[in-house]
Structures are given as C-alpha cells and as structure tokens.
Amino acid sequence: ALPGQLFYTTAIPACLWFVTRNKSNGKFRDRRRQVLFIDARKMGSLIDRTHRELSDEEIARIASTYHAWRGEKGTGKYKDVPGFCKSAKTSEIESHGYVLTPGRYVGAEEAEDDGEPFEEKMKRLTARLEEQLAESASLEAAIRKNLAGLGYPVRREKTA
C-alpha cells in the first residue's frame with residue numbers, strides 16, 4: 001500500500017500487486033502459500049501542497065524488504081516489521097475472509113516506551129492540564145472584559 005498524493009493523476013492511495021505463477025522455481029526460497037504485505041502509507045514527504053514523493057532511502061527499504069522476502073542472495077534474512085511488513089500465510093488470509101488490506105496484517109508500529117510509569121505520567125499530565133485550564137480561564141476573563149469595554153459583551157452559556 002502506498003500513500004496518497006503520490007501520483008499526479010490522482011490523490012488517492014494506491015496499492016501495487018506483484019503476482020508470480022511459480023513461487024518454487026529453485027532460484028529463490030519456496031514462497032508457496034505466502035503473501036508479502038508492505039504498508040508504506042506513512043512514507044514519503046510532501047513536495048508541494050498536492051504531491052508526495054518517496055525518498056531514495058524509502059524506495060530502497062521497500063525494495064530490499066521484497067528481495068529479502070523472496071530469498072535473493074545477498075539481501076539478508078527477511079523479518080516481519082510491525083507497522084511496515086508481514087509475510088502472511090494463505091490460511092491467515094482465509095481467516096480474515098480474504099481481505100487483502102495490508103494494514104490488517106502488518107498491524108501497528110510498536111510504540112516506544114518512554115520509561116515513565118503510567119501513574120506518574122498521569123499525575124504530571126493532569127497537573128499540567130490543571131495549570132492550562134487556569135490560564136485559559138484567566139485569558140477568557142480578560143477577553144470578556146476587553147470586549148465588554150468595546151461595547152460587545154459576551155455572555156456565558158449556561159451548562160446543564
């Protein structure tokens with residue numbers, strides 16, 4: 001799967017399919033009953049407001065993943081990467097009702113653990129939110145006062 005805005009004729013995301021008849025031809029590893037899914041939708045950068053471009057490094061990453069999965073010599077060993085690629089067996093595809101959306105198989109990227117325990121993080125974030133809400137109330141009062149001084153009072157809506 002490729003990102004949107006990659007092609008000049010359409011802004012929708014595209015999906016490329018490579019089909020081979022003989023996955024056990026002796027040149028590469030036996031890939032029968034396997035499908036490689038690569039989700040590159042998050043790759044690329046905007047070169048203007050309407051067009052996205054893949055960098056040489058991103059193209060090389062996609063190509064090397066494919067070549068390693070095929071088992072080509074000198075490409076290294078293929079490895080599934082959460083959020084990017086997955087080699088799925090046809091039985092797994094069958095269990096998903098033959099839906100061939102790459103995101104379903106590659107899953108999500110592993111989130112980095114920042115090392116801060118959840119309870120501490122929530123205390124810190126709620127304290128910061130409390131400070132920001134107090135500042136927001138102060139700014140709102142100043143705006144109301146200024147508008148009232150100009151002859152445009154703003155009344156508070158009553159909440160139920």
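User: How many salt bridges does the count come to?
Analyst: This is a predicted model, in which local features need pLDDT of at least 70 and side-chain atom pairs count only at pLDDT 80 or more, while totals for chains, interfaces and linings use all residues. Residues are numbered from 1 along each chain as its sequence is written, and side-chain values use heavy atoms, with hydrogens and water left out. A salt bridge is a side-chain nitrogen of Lys or Arg within 4 Å of a carboxyl oxygen of Asp or Glu. By this rule, the number of salt bridges is seven.

User: Which residue forms a salt bridge with Asp30?
Analyst: Asp30 is partly exposed, with 38% relative accessibility; that class lies between buried (under 20% relative accessible area) and exposed (over 50%), using a 1.4 Å probe and protein chains only. The closest N and O atoms of the pair are 2.6 Å apart, and the partner of Asp30 is Arg32.

User: Are Glu72 and Arg70 buried or exposed?
Analyst: These two side chains form a salt bridge, with 3.1 Å between their closest N and O atoms. As for accessibility, Glu72 and Arg70 are both buried.

User: What is the N to O distance between Arg124 and Glu116?
Analyst: Arg124 has a relative accessible area of 42%, so it is partly exposed. Glu116, at 22%, is partly exposed too. Their side chains meet in a salt bridge, and the N to O distance is 3.0 Å.

User: Which element supplies the largest share of the lining of the largest pocket?
Analyst: On a 1 Å grid over the protein atoms alone, a pocket is an open set of points with protein on both sides within 12 Å along at least five of seven lines, and lining residues have an atom within 4 Å of a point. The largest pocket has 29 lining residues, with Leu16, Trp17, Phe18, Leu36 and Tyr66 nearest its centre. At least two lining residues come from each of β1 (34–38) and α1 (56–70), where helices (H or I, at least four residues) and strands (E, at least two) are DSSP runs numbered from the N terminus. The largest share, six residues, comes from α1.

User: How far apart are the C-alpha atoms of Gln34 and Ala88?
Analyst: Gln34 lies in strand β1. Its relative accessible area is 15%, so Gln34 is buried. Along the chain Gln34 and Ala88 are 54 residues apart, yet the distance between their C-alpha atoms is 5.6 Å.

User: Where is Tyr98, a residue with a positive phi that is not glycine?
Analyst: Most residues other than glycine have a negative phi. Tyr98 has a phi near 60°, and with 54% relative accessibility Tyr98 counts as exposed. Tyr98 sits in the loop between α2 (90–95) and α3 (102–106).

User: Which segment holds Gln5?
Analyst: Gln5 is not a glycine, yet its phi is positive, about 65°. Its relative accessibility is 22%, so Gln5 counts as partly exposed. Gln5 lies in the segment before β1.

Notes
1 Å grid on protein atoms, 1.4 Å probe; cavity = no way out; pocket = protein on both sides within 12 Å on 5 of 7 lines; lining within 4 Å.
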